[in-house]
Amino acid sequence: MSNRIQQSGAFAPGYNVITDLRAKHTEMLMDFGILKLSEGMSFTDDRPELERVYLLIYGKVEVEYDDCRVVAERGSCFDENIWCINVPKGVQLTVRGLTADSEIAVMRTENDKSFTPVVRCDDKIVNEIRGKGFMNEAGTRIVRTAQDVRLSPDSNLMLGEDVHYPGKWSGFPSHSHAQPEIYFYKFLPENGFGLLKLGDEGVLLEHNDTVKIQPGLVHPQVAAPGYAMYYIWVIRHLDGNPYIKPDFEAQHLWVEQPGAKYWPDR
């Protein structure tokens, strides 16, 4: 079975299932889907027994949970910071569209830990420019981390976003990890593409694609020149083995060493 999940046409109004921890791509250990809302449309999560993260890709929405209501707005996932909300099991959550077109990534998984619902945005997001000063800037990119073991110690989900400058790489030197991971892509312009080395497989990446990163497979990737590449990454921590850091392929680590020289200089 292919690890690339292509979206055929536009997403339908409402919740679009991509992975389902009970029925579809269960090896990922999490639900991943895209929620499309128009103005006045609402969606009440039907899996309150799971931990959930709702990440606004673009649009304007109102989120209601417990006795709280919050409004979130995001014009561009390429240019603006993350807004997401993380709620534990047992919390009822409803999202309402406040503009003509809003798109939200939905991530859900099993987690018996109790924690206070939290909105992550602004200074709660770790923003970095990675790759500067190495590999002739071939890996320079924006990385936004919303959740990890330090920021969200009680969550079973680690997640964030990468934004590639055109022609740039991420995930290199090649690395892998024991935990399953999902990537979801956008391109600007939308007819752009990228390429991913997934283990020994080459994977074409296009707008609205999802890719399953199986445990133990390396996954470096590159955006085509002229096209910005955005992707959501979400890792499911394993019981007793949360994601802390990746395992790198030793043969490629030299490219990041100070003073490393590349052809034609070497």
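## Basis of the model

The model is predicted, with local features requiring pLDDT of at least 70 and side-chain atom pairs counted only at pLDDT 80 or more, while totals for chains, interfaces and linings use all residues. Residues are numbered from 1 along each chain as its sequence is written, and side-chain values use heavy atoms, with hydrogens and water left out.

Strands are DSSP runs of E with at least two residues, numbered from the N terminus. For burial, under 20% relative accessible area is buried, over 50% is exposed and anything in between is partly exposed (1.4 Å probe, protein chains only). In β9, 8 of the 8 residues are buried, so this strand is largely enclosed by the rest of the structure. S102, I104, V106 and R108 point one way from β9, and E103, A105, M107 and T109 point the other way.

Two strands count as paired if DSSP finds at least two bridges between them. β9 pairs with strand β3 (residues 31-37) in the antiparallel sense over 7 bridges, and L37 has S102 of β9 as its bridge partner. Strand β5 (residues 51-65) is likewise joined to β9 by 7 bridges and runs antiparallel to it; here V53 stands opposite M107.

## Two open sheets

An open sheet of 7 strands has the order β1-β19-β16-β21-β13-β12-β11, with antiparallel pairing. β1 (4-5) and β11 (126-130) stand at the edges with a single partner strand each, so one side of each has no neighbour in the sheet. Within this order, β13 (residues 157-164) and β21 (residues 228-236) pair over 8 bridges, and D162 has Y231 in β21 as its bridge partner.

Another open sheet, of 4 strands, is ordered β14-β20-β17-β18 and is also antiparallel. Its edges are β14 (169-170) and β18 (201-206); each has a single partner strand, so one side of each is left without a neighbour in the sheet. β14 is joined to β20 (residues 221-223) by 2 bridges, with V222 in β20 as the bridge partner of W169.

## Cysteines

A disulfide is a covalent bond between the sulfur atoms of two cysteines. With the cut-off set at a pair of cysteine sulfur atoms within 2.5 Å, the structure holds 0 disulfides. The closest cysteine sulfur to that of C77 belongs to C84 and is 14 Å away, too far for a bond. C84 is in no disulfide either, and its nearest cysteine sulfur, in C121, lies 8.3 Å away.

C77 counts as buried because its relative accessibility is 6%. C84, at 0% relative accessibility, is buried as well.

F193, L195 and L204 form a nonpolar patch on the surface, with about 240 Å² of accessible area together. Patch residues have over 30% relative accessible area and no salt bridge; like charges are joined within 9 Å and nonpolar side chains (Val, Leu, Ile, Met, Phe, Trp, Tyr) within 5 Å. A salt bridge is a side-chain nitrogen of Lys or Arg within 4 Å of a carboxyl oxygen of Asp or Glu, and accessible areas come from the Shrake-Rupley method with a 1.4 Å probe, where for residues only the protein chains shown count as cover. L195 is placed in strand β17 (residues 193-198) and is partly exposed at 45% relative accessibility.

K113 lies in the loop between β9 (102-109) and β10 (118-120). At 42% relative accessibility, K113 is partly exposed. Leaving out residues up to four places away in sequence, K113 touches P88, P153 and D154, where contact means heavy atoms within 4.5 Å. The C-alpha atoms of K113 and S155 are separated by 7.7 Å, although these residues are 42 apart along the chain.
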